[in-house]
Amino acid sequence: MLPGVIALALASLYLSALLAVEKQPLIIGLLALAVIVALGAYWMGWLASVSRSFADRENVLGTMAIVAAFAMAAYFHDDHFVLLLIVTVLLYTVATLGLNIQFGYSGVLNFAGASFFGIGAYTSAVLNARTTVPTLVVLPIGGIIAALIGSLLLLPVLRTRGHYAALVTIAFALLLKAFLEVNDVLGGPQGLQVKGMTVGGWSFNDSIELGKIELSFYMSYFVLSLALLVAAFILVRRLERSWIGLNLDALRLDETAASCFGLDVARWKITAFTLGNFLIGIAGALFGMVGGFVAPNNYTFADSLILVSILLLGGIGNPWGLAVATVIVIVVPEKLQTIQEYRFLLYAVMVIAVLLFRPEGLLPRPLRSYFPGWRP
Amino acid sequence: MTNALRAAAAILAAVWLVAAVPAEAKDKVKVGFIGPLTGGVSANGLGGRNSADLAVRLRNADAKAKYEYELVVLDDECKPNVAVQVATKMAAEKDIIAAATHYCSSTAIATVDVYHKFGLPVVVWGAVLPDITYRNKYPEVHRVNGTMINQNETNAELLTKLGYRTFAVIHDTTDYGKGHNEYFSAALAQRGGKIVGTFGVGADQQDFTAELTQIKALNPEVIYFGGLTPIGVRIRAQMDKLGIKAVFDGTSGIVSDAYIQGLGPLAEGTLAFREGAPVEKLPGGKFFMEKYTAQKYDNPPEAYGAFAFAAMDLILDSIEKVGPDRRKVIDDLANVKNRDSIIGKITFDDHGQNTVSVITKYVVQDGKWVVWEDSEYASGRRKLPRQK
Amino acid sequence: MDIGLLAQYIMNGLMAGMMYALVAVGFTLFFGVLDVIQFAHGDVLTVGAFTALITFVGVHAAGVHSGSIALLAMLIVAIFATAGLGMLIARYLVLPLRAAPALNTLLITLMLGTVLRESVRLFYPQGANPKPFPALLPANSINFGNFNLRLDNAIMLAAGTAVIVGVEFLLNRTKLGLAIRAVAQDEETARTMGINFVAIVLVAFAIGSGLAAFAGVMDGFYYNEINFGMGLYLGIIGFAAAIIGGLGSIYGAILGGFLFAALQTIGTVALPFASAYKDVFAFAVIIIFMAWRPTGLIREKISERV
Amino acid sequence: MTPLLEARSLTRRFGGVVALGQLDLEVAPNEILGLIGPNGSGKTTFFNVVTGIYRAEAGTLSFEGNDITRASPRAIYHAGISRTFQRSRLALPLSVFDNIMIGNHKRLNQGLWFNLMKRNAFKREFEASYRAARALIEVFEPWLAERMFEPVTGMTMIDRRRIEICRALISQPKLLLLDEPSAGMTHDETTTLMDEILQVREHSPNLTIIIVEHEMGVIERITDCCVVLNFGLKIAEGPYRQIAADPQVQEAYLGVA
């Protein structure tokens with residue numbers, strides 16, 4: 001367990017350092033440092049022991065991770081932008097967790113992740129503006145709408161395989177963006193403003209005064225996003241560590257064999273696809289309120305690809321890997337603003353390198369252990 | 001964990017102090033610039049960035065200046081979503097005192113709420129949509145360039161005077177294009193022009209043969225285009241492909257060297273309108289161009305460079321006067337009256353809108369934007385398509 | 001509707017369809033030999049178009065002002081450059097990933113696409129702006145009512161057809177084509193037949209990428225403007241075309257290309273004044289189509305050994 | 001007594017090729033039937049039709065007197081037929097235990113709520129299944145029982161066969177279809193595996209088996225009765241000795257003419 005704790009501590013320290021530093025040379029230095037340390041740890045076999053301790057004492061370390069997140073938020077309590085970044089990371093992780101159920105477990109391809117994220121966001125934009133539905137209720141509605149619209153694709157998704165299946169969702173991604181662009185009711189390419197979250201008359205968009213210290217208004221979004229992430233994480237974990245997780249894996253690895261052992265292919269594909277879109281939708285709904293603005297350009301095919309590459313980068317099927325990868329994909333380009341013109345380029349090159357030299361991702365998925373630390 | 005974090009905090013603070021020890025006696029003040037540095041209209045964005053940068057450099061070179069200024073530049077890619085992200089980043093960074101923001105109306109209108117929410121004073125340097133200043137009454141938001149209303153008035157005025165009666169409208173479906181469509185249609189109606197068809201198109205659409213084929217059937221004398229350079233170039237080129245002989249009548253959105261480079265000879269005879277006098281005719285135009293060329297930037301200032309310069313200069317003046325404090329700067333900008341600038345006197349109305357009356361008419365002649373009055377089209381030596 | 005107008009729509013559709021088909025053929029070739037989707041294909045097209053433009057500038061600078069020579073030079077340089085690029089991609093990005101899941105190949109090529117696109121944008125002088133593309137083809141045109149037939153469009157259609165027929169011939173009538181089809185059928189047998197697998201793969205990628213360059217130049221002449229993003233759109237549509245046609249089948253790809261163009265045209269004609277919806281329409285039809293024909297029009301043989 | 005599995009003029013073609021022609025076949029309860037014939041004579045096709053992967057174009061199949069001709073692979077598995085594959089089709093990245101549990105599908109609670117929310121109940125079911133799987137695999141190879149939570153990747157061919165057979169047996173089927181269990185194994189390995197299969201039979205006497213095999217030694221040793229296929233047609237039927245003597249079989253199959 002100790003290696004896990006140390007890793008966690010170092011990671012959160014490093015992350016806060018990276019978030020706090022402004023000077024470009026320092027940032028570049030930090031990034032280089034991270035690469036070196038990571039490689040070193042890998043070479044020394046430390047990473048392995050870290051992942052082992054995570055596998056065995058996940059609950060404890062999970063709790064610690066939450067504490068660490070709070071500590072970080074406390075440290076940046078009045079820094080709007082850093083908090084916004086953290087919130088973004090949290091919500092993108094939720095979305096990729098959903099995507100992970102689809103790609104990682106059941107092998108159902110979904111290249112429209114950003115589209116379902118967007119559906120969630122647009123849901124909150126419309127509902128908050130035109131109805132009196134409590135914003136907290138809007139979140140699950142966003143998920144449900146995403147799942148429902150996704151179910152329009154079920155028939156083709158179930159019938160097609162491989163690249164053909166890929167086309168279905170790619171076509172959907174393009175269709176949705178084109179639709180949002182030309183459709184005036186939803187703001188067209190100009191997009192829509194999204195009213196912020198309000199719970200019990202108290203608006204999330206107001207800063208919070210605690211005696212002398214003033215907290216950024218993103219703080220409340222942070223708390224909510226973290227709660228959402230924890231819930232999603234537990235859900236996905238339990239899913240993986242159950243017969244359902246096993247079914248999905250069997251489905252992904254050999255559909256025919258699976259069906260010869262009584263597995264209902266359609267049922268589990270539908271479950272995975274719908275559940276995944278539901279999670280993505282919820283994350284999107286909340287993210288819409290955080291950003292306060294939705295536009296078709298946020299939810300293009302390219303954005304879906306970013307979500308997918310987070311999945312591969314982190315190690316497909318491994319929730320912890322997702323968290324790490326999301327941090328890399330969201331925070332690093334953000335911190336390298338001064339080379340902003342080149343960030344997409346560098347980022348793409350990085351993913352190519354990972355795919356070439358470490359195709360199983362940064363933190364490969366370990367064998368399923370139904371109960372962490374369980375021994376026969 | 002928390003202790004560990006505190007430790008880290010301490011270390012970071014130390015690092016920060018070391019890094020932040022000023023080289024000169026003057027203390028550093030950060031000011032921002034946002035514009036489209038990538039994408040189809042990047043030429044205008046880079047021109048604006050350079051001009052703003054020029055203002056900062058001149059100020060830093062000035063021994064009398066109280067502060068050492070650092071320009072933070074962000075790219076809105078002319079996309080509303082990106083704009084909101086970068087605007088949030090800029091507004092959220094406390095030590096950025098004020099900023100000159102946005103060439104694209106679609107991005108400016110999307111971000112005003114952000115600036116208001118975070119209380120960051122901004123001066124818009126290029127976007128022309130009236131709503132940016134007039135939809136709300138945000139003390140944070142100002143604009144040195146004029147709105148699209150007057151240019152569309154002038155536009156309709158000129159074309160009807162030239163005897164054109166039937167118009168087809170193509171506009172991009174962002175608030176920018178919609179706005180132009182709205183104001184031009186109104187202006188045209190008053191002057192008895194007839195709109196035979198209106199087409200909304202995507203801001204990054206590639207193929208317009210579908211729309212243009214329909215327009216060809218409608219056979220208008222003029223195609224009015226409310227949009228920006230990239231699709232302006234495409235539409236003009238594809239008009240030619242389909243053998244459409246009509247005047248191509250644009251807005252301030254296509255007044256850019258990129259438009260002419262993009263079309264070559266095809267650009268000849270394109271009309272466009274822009275608020276404010278042309279740079280060479282501006283009071284400080286000569287001074288601006290000299291300084292600009294002296295800096296050897298690798299892009300021209302483009303149509304709105306002078307405005308970006310003026311906007312940034314205005315901001316720097318305020319900071320010099322009231323010090324690096326967002327609130328004070330907002331208050332100071334609130335009463336800008338007859339302030340001299342390279343674009344002439346600047347006066348903000350109660351919405352922070354500079355009242356620019358003069359509109360310049362342009363026509364492309366021999367690969368240059370020529371002021372209409374000086375052009376051979378005005379003198380009658382050349383004729384626009386179907387001109388009586 | 002007025003016949004001339006209809007003719008105009010059909011002409012627009014044919015031009016688009018030809019470009020889509022050329023791109024789709026590339027996709028289907030790659031899939032044939034390696035069972036992969038080379039998603040940078042669209043951006044290879046962009047590179048091809050820009051190479052042609054550079055060549056034109058170069059030729060011009062060299063003082064050659066003959067349009068036909070410039071045209072020839074542009075085509076040759078662009079096609080060979082992209083063919084080389086295609087081989088590099090196959091050799092260093094696609095082949096090494098054969099063991100990995102198809103998803104990885106898909107993603108690595110998508111990312112390569114980003115790299116190419118961004119490189120053009122960043123490293124071509126003011127690459128972010130649309131670039132004028134020279135009009136070297138005779139622009140004479142005849143007007144039939146609302147239909148204006150341009151010589152250059154006619155030439156391009158003819159050239160495109162010729163190229164496609166050429167590829168068809170190459171695949172079905174030559175030893176090389178035989179080898180490619182053998183590899184496409186079954187790698188193992190091909191190897192035992194003494195075919196150099198890697199070589200054939202590289203050749204296939206060269207041909208496909210060359211086609212992309214041709215399509216790119218054609219796009220340039222058609223729109224007289226190229227930009228760094230042109231490939232993304234064409235690439236995705238080409239992919240869609242290859243899929244609805246049925247991966248691995250040349251005819252399927254061609255069919256798919258024109259089918260997609262037809263969909264867009266129908267979309268515009270059916271929804272006048274809402275022509276912006278043409279893509280929504282086209283992609284919706286594609287999704288429905290996939291539910292009806294999960295393996296495309298011309299089905300690839302799925303022989304699953306149980 | 002009524003046969004456990006009964007095929008009546010079962011027919012399936014691929015293009016022009018007749019994979020199964022008018023096949024009549026009966027398997028009595030508790031017997032071990034050998035299905036033999038040259039490559040492409042339709043043995044595997046028969047398995048695929050029985051397990052519902054392929055549809056029969058004509059003829060009927062009945063299992064315990066119920067018609068299963070049009071039944072789906074799921075239904076057939078639930079009815080009590082499970083199989084192994086010629087090219088072992090294990091989920092390689094998964095653990096031994098996971099692979100066996102895939103075969104245990106019908107005896108596991110598949111409810112969403114149960115799996116996600118009732119973790120304690122799930123744990124009980126999990127532990128019970130673990131014991132069952134372990135008990136089963138110990139019959140084959142105690143060494144494997146110690147490696148229940150290791151990935152199948154990197155295990156030897158014979159171990160993979162063992163796991164695959166356990167996957168088929170864990171659900172306690174009435175009929176087991178073994179598709180060339182000896183494929184890719186040495187002679188000795190094959191012998192051991194057969195011993196193990198016979199041992200399993202001791203534990204569950206009323207298990208019926210159809211085995212496709214090329215190793216005549218195996219057929220001779222374990223089958224009660226054999227059916228010989230050639231070009232999808234049944235050319236002989238009876239105990240091994242008898243059919244081995246049949247000249248027609250020798251010509252078609254053993255190549256002795």
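Predicted model: local features only at pLDDT ≥ 70, side-chain atom pairs only at ≥ 80, totals over all residues.
β9(D) and β10(D) make a hairpin with two residues between them. In that turn, D:Phe231 has a positive phi of about 50 degrees. For anyone new to this, most residues other than glycine have a negative phi.

Let's stay in chain D and look at an open sheet. What is the order of its four strands? In chain D the order is β2-β1-β4-β5, and the pairing is antiparallel. At the edges stand β2 (17-27) and β5 (66-67) of chain D; each has a single partner strand, so one side of each is left without a neighbour in the sheet. As a reminder, strands of a sheet pair through backbone hydrogen bonds.

Zoom in on one end of that sheet. Strand β4 of chain D, residues 58-63, is joined to β5(D) by two bridges, and the two run antiparallel. D:Phe63 has D:Asn66 of β5(D) as its bridge partner. In the loop between β4 and β5 of chain D you will find D:Glu64. The phi of D:Glu64 is near 50 degrees, a positive value in a residue other than glycine. Is D:Glu64 buried, exposed or partly exposed? D:Glu64 is partly exposed, because 15 other C-beta atoms lie within 10 Å, and that count falls between the 12 or fewer of an exposed residue and the 20 or more of a buried one.

There is another residue of this kind in chain B. B:Asn338 has a phi near 45 degrees, again positive in a residue other than glycine. Its place is the loop between α13 (326-334) and β11 (359-365) of chain B. B:Asn338 is exposed, with 8 other C-beta atoms within 10 Å.

While we are in chain B, let's talk about domains. The domain assignment gives domain 1 of chain B as 26-146 + 279-357, and domain 2 of chain B as 149-275 + 360-374. The C-alpha centres of these two domains lie 28 Å apart. Their contact takes 18 residues from domain 1 of chain B and 16 residues from domain 2 of chain B. On the domain 1 side, α2 (42-61) and α4 (105-118) of chain B are the elements that give two or more residues. The largest share of that side, three residues, comes from α4(B).

Now, how do the chains meet? Among the five pairs of chains that touch, chains A and C have the most contacts. How many residues does each of them give? Chain A gives 35 residues and chain C gives 35 residues. On the side of chain A that touches chain C, α9(A) supplies the largest share, 14 residues. By class, that side has 28 nonpolar, five polar and two charged residues.

Chain A also meets chain D: 25 residues of chain A are in contact with 30 residues of chain D. Here α11(A) brings the largest share of the chain A side, six residues. By contrast, no contact joins chain B and chain D, and their closest C-alpha atoms lie 31 Å apart.

Let's go inside. The largest nonpolar core has 438 residues, and the members that touch the most others are A:Ala171, A:Leu286, B:Ala311, C:Val25 and C:Ala240. Leaving aside neighbours within four places in sequence, C:Ala240 is in contact with A:Leu167, A:Ala171, C:Phe260 and C:Ile286.

My last stop is helix α13 of chain A, residues 265-291. How far apart should its ends be? At 1.5 Å a residue, its 27 residues should span 39 Å, and the end C-alpha atoms are 38 Å apart, which agrees. This helix is mostly covered, with 22 of its 27 residues buried. Just after α13(A), A:Gly292 takes a positive phi of about 75 degrees.

How values were computed
Residues numbered from 1 in each chain as written. Chains lettered and ligands numbered in written order. Expected span 1.5 Å × (residues − 1). Contact = placed C-beta atoms within 7 Å. Domains from an automatic or database assignment. Core = buried A, V, L, I, M, F, W, Y, C linked by C-beta atoms within 7 Å. Nonpolar A, V, L, I, M, F, W, Y, C, P; charged D, E, K, R; others polar. Pairing = 2+ DSSP bridges.
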